[in-house]
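Q: I have a multi-chain model open on my screen and would like to learn how to read it. Could you walk me through its features one at a time?

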Amino acid sequence: MSTGIPNNRLRLLERAKRALPALTPALESLLAGIVGLLVGALIMWIGGYDPWKAYVALFRGAYRDMYGFASSLARGTPLILTALTFSICMRAGMFNIGAEGQVYGGALAAVTVGYFALPSGLHIIMGLIFAMLAGAAWSLVPALLKLTRGVHEVISTIMFNWIARFFAFYLVANVLVDPIRAEKTISVPASARLPILVHGTDLSYGLFVSVFFALVIYFLLWHTTAGYELRAAGLNPTAAHYGGINSKRTVLLSFILGGLGAGLAGATIVMGLPPTYAVYSGLPQLANVGFDGMAVAMVGRNHPIGILIAALFFGGMNAGGRMMQIIAGVPLEMVRVVEGIIVVALAIPELVRLFRFFRNRWRSLWRREPA
Amino acid sequence: MKRILTLLAVVLLGISLVGMIGLGNGKVAVVLDVGGRGDLSFNDMGFKGTDQAAVDYGLEMVEVQSATAADYLPNVRNLARSGEYDLILAVGFLLTDAVSTVADEFPGQKFAIIDGFIPDKANVMSILFRENEASALVGALAGMVATHFGYRYVGCVLGIEIPVLYHFEAGYRFGIDWGVKKYNELGLAIGADVGLLYSYTGTFSDIALGKAATEAQLAQGAAAVYNVAGPLGIGDLEAITEYHTAKGTTFGPPYYIGVDANQDYLGNGLHGIASGMKRVDHGCYNAVKSVVEGTFHGGIVSLGLAVAEGGVSISKLQDLVDFFAFGVAAGAVDEVDFYTTLANWSANRANIPPEIWEAVDELEAGILDGSIVVPTADSVQEMQAVRAQYPLP
Amino acid sequence: MSWSYLWSILFISLHAMVPITLTAVGEIFGETAGLFNIGLEGILLVSAFTGALAAESGGAVIGLLTGMGTGAIIGFIFSVINTYWKGNQMITGIGINLFALGFVAFGLIVLGAPGFHAVPAESRLVPIRTPVGSISPIILVALALPFAAHWFLKRTRFGLILKATGESPEAADVAGIRVNLVRLLATTFGGVLAGLAGAYISVAWIGSVTKEISAGRGFISLATVVFSGLNPVLALLGGFIFGFFESLATWIRNLPGSKAVPWQFIAMTPYIVTLLVVAGVIGRVRFPKALGKPYIRE
C-alpha cells in the first residue's frame, strides 16, 4: 500500500462512505433546519427583534430540562396521531385531509364517558374506544363515498371537516353542555382521565397511547400482508390491481385506520391535557391539530418512526415558542414562519446537492477575485 | 428659605428615587386567548390597558399569545414558575381553568382574570363585566331609532355561541323592547313593532361572514346592526357603508353599533352611531394599579355602568377622542381625519332627536339606581327564557 | 321573498364565488401540467396582505397587481422546487401554508396593528353600479376567465402541450417539449390567479386584511378543482354553487323565523350540497397520470 494507510483503516473508510447515503436524510433535515432558522432570523431582524435571543429561549424552553422536554412531548402527542392518519392514506395513495374533523368527533365522543360511571382503568379504555369509533365512523363516510360514488377524498374530507365543525358547535352548545358553565362541555371525570406522567407538566400517559399506536401502524404496514397490499396500492395502483390486490379493501382499511388515529388524537387532548378535560365552545384546543399533523407527517416522511421524531420537533418548536415570546418578546407567530420554511426546505430532496453546488460556486468566485 | 427649598428638593429627589427603585423592578405579564391581538376588541383592549398601566407605573410588560387552548396552562405556568411577575393577567374566560390550577400551585403569585369566574382564591382577582347593561343601552337606542325612522327591524351579528355573548344578546333584547315602548310613551310618532334579526356566525375570524350576515339583515330592513363578534365588525361596517353608497345616502340609518372598544370612529365616523363598550382595558389597568398600590384582593370584581366602576358604557364624545388616538396608534386610521370623523359623528348623532338620547340617559340612570334591572343569561336555558320574554318577532 | 331579496343573495354569492373560482382556475392550469399545489390557502393569505399594503400606498390597481406579483413569486418558488429541484409537492404546499399563517400575523404585528389592517376607502377598487346593486369588476373577470381558460386548454396548442406534460411527461419530453419549463409557467400562472384572488379579498371585497382573512377558501378551491375534473367552466359552476349556498345559508339564518332549526345545521348546508352534487352528478373524476410526481428524465 503506497498510501501507507493500514488496510483495516481503509476498509473502515470504505464502509463510512457506503453509510453516507443512509445519513443523507438526517443531513437533509439538519440543513433544512438551518435554512429555516436563518430565514426566520432574517425576518425577525427586519421586524426589529433579536433572533439570537429568540432562538436561545426557544431551544432552552423546548429541550433544556425535564419540564421543557415534557412540554414538548405533550404538545407533540396528538400530532403523532393525526400525522399517522394522513400518512396511512398517503402510503395507500390517497390524500386524506379529514383528520381535523375526525379529531373533533373523537374528542366529543370521549367527553360522553362523563355520563357513565366506571372504575378508572375501564373508564379510560371506554373513552379511548368511544373516540376511536367516532373517528373511524367519521372517516368511513368519505371512504364509502369514494367506493360507491367515486367522490374524490379531497372533496369529501374537506367538506366533512366543515360539517364536523358545525356539528361539534351544536353538540358543545346544546347537547354535551356543562350545566354550570355553558362555555364548555361536561368535563371528563377524574376516573377517565389519562394520568399525568411528569408531575407539574401537562404530559400525560396519552404519549404512550400515541407511541403505541404508531408502533402498531408500523407493524401493520410493514409486517402484515394487508399492510403490504396497502403500500403496494399506493406505490403502483395499476400493478397492485393486476397483482390481485383488492383496492376496495385497501381504501376501507386505510381510512378506518386513519380515523382510529385521529379519534385517539381527540381523546388524548380531552382525556390527557390538563386542566379542563372538556371541549370549549369554538373548539380552541382542537382546531388545527389535524392540519398540523399533515406537516408532521410530511417531515416524518410518512413513516411512523419518522413521525415520532418529527412530532418531538414540532412539539418542541411550539413549547419553546412559548418561552421565546416571554423571554425575547418575539411574537409566537414566528414559530410558524420558521416551521413553514423548514418544511419547504425539506421538500427539496437535492438540498444537499444544491448546497454543495452553491458552495463550490462561491468558492470559485472567491478564488478568482484576487486575480 | 433657601435651605428649606434645598431640603424639599432633596426629599423630593429621595422620594422619587425610592419610587423608581420600588416600581422600576416590577413586571407584569398579560396572557391572551387564541383570538390573539388584532381582534379589535377583547385582546387588544386587554393589551392596551395593561400596556398603559405598565407605562404609568414604570413596569416592564410581557405579552404572551396562545396558539391553541393547549397553550393556556403551560403559558400561565411558565410565567408563574419564573416568579418574576408581580401580576399575571389572563384575558378571556378560556383561561379560567388554567389560572385556577396554577393559582393553587403558586399561592404566592398574584393573578387577575378577565371574564373568568374564580370567586374563592385569595391570589386571583376575577374581573367580570355586566355586558348586558351596556347592551341594553345600545339596544334601546337601536329600538328607538328603528321606530323613529320607520324601520321594521334592528340587527345583531354575533360570533361563537358562548355565555359571554348571551350577556350581550340578553341585554340587547331587553333594551330594544324598552326603547320601543319608551318611544311610544314619548308620543313622538306612531311606533310600529320592531323585531330583532340576529345570527351566531360561529366564527370570530371570517370577516366575510359578518359582511354577508349584515347584508342579509339590511336587506330585510334593519335600522342598525350591533357587532358582537370582534373583528367581524369590519365586515358589518363594510356592508353598511356599501348599502349607503348604493342608496346614495351619506348619513342616517342604517347604523353600525360597535362593541367592546369604541368603534364609532371606524370608516370616518360616517355610520357608527354608538358602541356598547366593555372596558377590558380599565379592568386590566385597575388590576395592575391595585397590585402597585397594595390594594389587590382575591375574589370577584364586577364592573357595570357606574362611572366609578368604569366597566361598561355607551360611547360618548370623550370616548371618540380617546379611541381615535388608539386607532391612530394601531394604524387603523389616519390622524388628519380626526376632524372629519368628529364632524360626521356629531352630524349623525344630531340627526337623532334629543328625546331619544335623553331616553337612553334615563335608562342608564334607571339601571344605575337599581330601578331598572337588565336580564342576563349564562346558559342556553336562561337565554331561551330571555328570548321567550322578549321575542321581538 | 321578493325579487330584490333574490338579487341581493345573487350579488353576495357572486362576491363569495370570485376568490374560489379564480384560485381554482389557476390551480387547474397547474394540475393539468401535473403539479398539485396544496399551498393555495397560503398564497391567498399572503397576497391579501401584500395587496392591502400596496393598495394603501399606490391605489387599488397597484394593490391587485402586487397581489398577483406575490402569488407569482410564491408560485414560482413552488414550481422551481417541484420541477428543476424535483421536490415533493405536498410538503412544499404544506410548508407554504404554515409560513403564510405565521408571516401574515407577524407582519401585522410589526406594522403596529396586530391582526388587522384596513384599506382606506380611496384605495379600494370602485364597484360597478347596476340598477339592482353594485358589483366588483373582478366578478366580470371571474365570470369570463373560466371560458377563456377552457378555450385555451382545450382548443390551443399550448393547452395540448400543458396536457401532455401532465399526462405523459416522458412522451412530451421526447416530442421536444421542455417539461419543466411548461410546468413552471403553468404553476406560476396559477400563483398569479391565486394572488389576484387574495388581493381581491382585501382590496375589493372586505376592505381589510386580518391574519385569517382567507378562512379556508384555499382548501375550498382545492375541492372545487376536484369538483371540476380540471374543467374551468365547471370550476366556475362549483365556485358559484358553493358561494350561493353559503350566502343562502347566511341569509336564512338572519330571517326572523329561522330559529326553529339550530343555526349550526343551516351553516352546514353549503358543504352538504357540494358533496351531494359531487356524489350525485359529478361522480368519479380523472386526473393527469403524472399529477403530483416530479419529472425525472431516465
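Q: Let us begin with chain A. How many helices and how many strands does chain A have?

A: Before we count, please keep in mind that this is a predicted model. Chain A has 14 helices and zero strands.

Q: What box do the C-alpha atoms of chain A fill?

A: Taken along the principal axes, the box is roughly 80 × 60 × 40 Å.

Q: Now to the interfaces. How much area do chain A and chain C bury between them?

A: The general idea first: the size of an interface is often given as the accessible area lost when the parts come together. For chain A and chain C the buried area is about 4,200 Å², and 84% of it is on carbon and sulfur atoms. In residues, the contact takes 50 from chain A and 48 from chain C.

Q: Which three residues supply more than any others of the area that chain A buries against chain C?

A: Look for Ile155(A), Met159(A) and Phe166(A), which supply 14% of the area chain A buries there, more than any other three residues.

Q: Which element of chain A gives the largest share of the side that touches chain C?

A: That is helix 6 of chain A, with 14 residues. Several elements of chain A give two or more residues to this side, and among them are helix 1 (7-46), helix 3 (66-91), helix 5 (120-149) and helix 6 (153-175). Sorted by class, the residues of this side are 37 nonpolar, six polar and seven charged.

Q: How many salt bridges and polar contacts are found across the interface of chain A and chain C?

A: The rule finds zero salt bridges there. Polar contact is found for two residue pairs, with both residues at pLDDT 80 or more.

Q: Then let us turn to chain C and chain B. How much area do they bury between them?

A: Chain C and chain B bury about 2,900 Å², with 56% of it on carbon and sulfur atoms. On the chain C side 32 residues take part in the contact, and on the chain B side 36 residues.

Q: How many salt bridges cross the interface of chain C and chain B?

A: Here is the idea to carry with you: side chains of opposite charge can pair when their charged atoms come close. Across this interface the rule finds two salt bridges. One pairing to look up is Arg217(C) with Asp206(B), whose side chains meet in a salt bridge at 3.2 Å, N to O. The rule also finds 12 residue pairs in polar contact across the interface of chain C and chain B, both residues being at pLDDT 80 or more.

Q: Which element of chain C gives the most to the side that touches chain B?

A: Helix 10 of chain C does, with four residues. The class count for this side of chain C is 15 nonpolar, nine polar and eight charged residues.

Q: How many salt bridges does a search of the whole structure find?

A: Over all chains, the search finds 29. One to inspect within chain A joins Asp292(A) and Arg336(A), where the closest N and O atoms are 3.5 Å apart. Asp292(A) sits in helix 11 of chain A and Arg336(A) in helix 13 of chain A, so this pair ties together parts that are 44 residues apart in sequence.

Q: On to the spaces. Which residues are closest to the centre of the second largest pocket?

A: The second largest pocket has a volume of about 1,100 Å³. It is lined by 41 residues, and those closest to its centre are Gly267(B), Val119(C), Pro120(C), Ala121(C) and Arg124(C). Helix 8 of chain B gives the most to this lining, with eight residues. By class, the lining holds 19 nonpolar, 14 polar and eight charged residues.

Q: And how many cavities of 30 Å³ or more does the structure hold?

A: There are 10 of them. The second largest cavity has a volume of about 170 Å³. Of its 19 lining residues, Pro274(A), Pro275(A), Thr276(A), Gln285(A) and Ala69(B) are the closest to its centre. The lining of this cavity has 15 nonpolar, two polar and two charged residues.

How values were computed
Residues numbered from 1 in each chain as written. Chains lettered and ligands numbered in written order. Predicted model: local features only at pLDDT ≥ 70, side-chain atom pairs only at ≥ 80, totals over all residues. Heavy atoms only, no water. 1 Å grid on protein atoms, 1.4 Å probe; cavity = no way out; pocket = protein on both sides within 12 Å on 5 of 7 lines; lining within 4 Å. Points joined across faces, edges and corners; volume = space filled by probe spheres on them. Nonpolar A, V, L, I, M, F, W, Y, C, P; charged D, E, K, R; others polar. Contact = heavy atoms within 4.5 Å. Buried area = accessible area lost by both parts, 1.4 Å probe. Salt bridge = Lys/Arg side-chain N within 4 Å of Asp/Glu carboxyl O. Polar contact = N/O pair within 3.5 Å; in protein donor to acceptor, adjacent residues only side chain to side chain.
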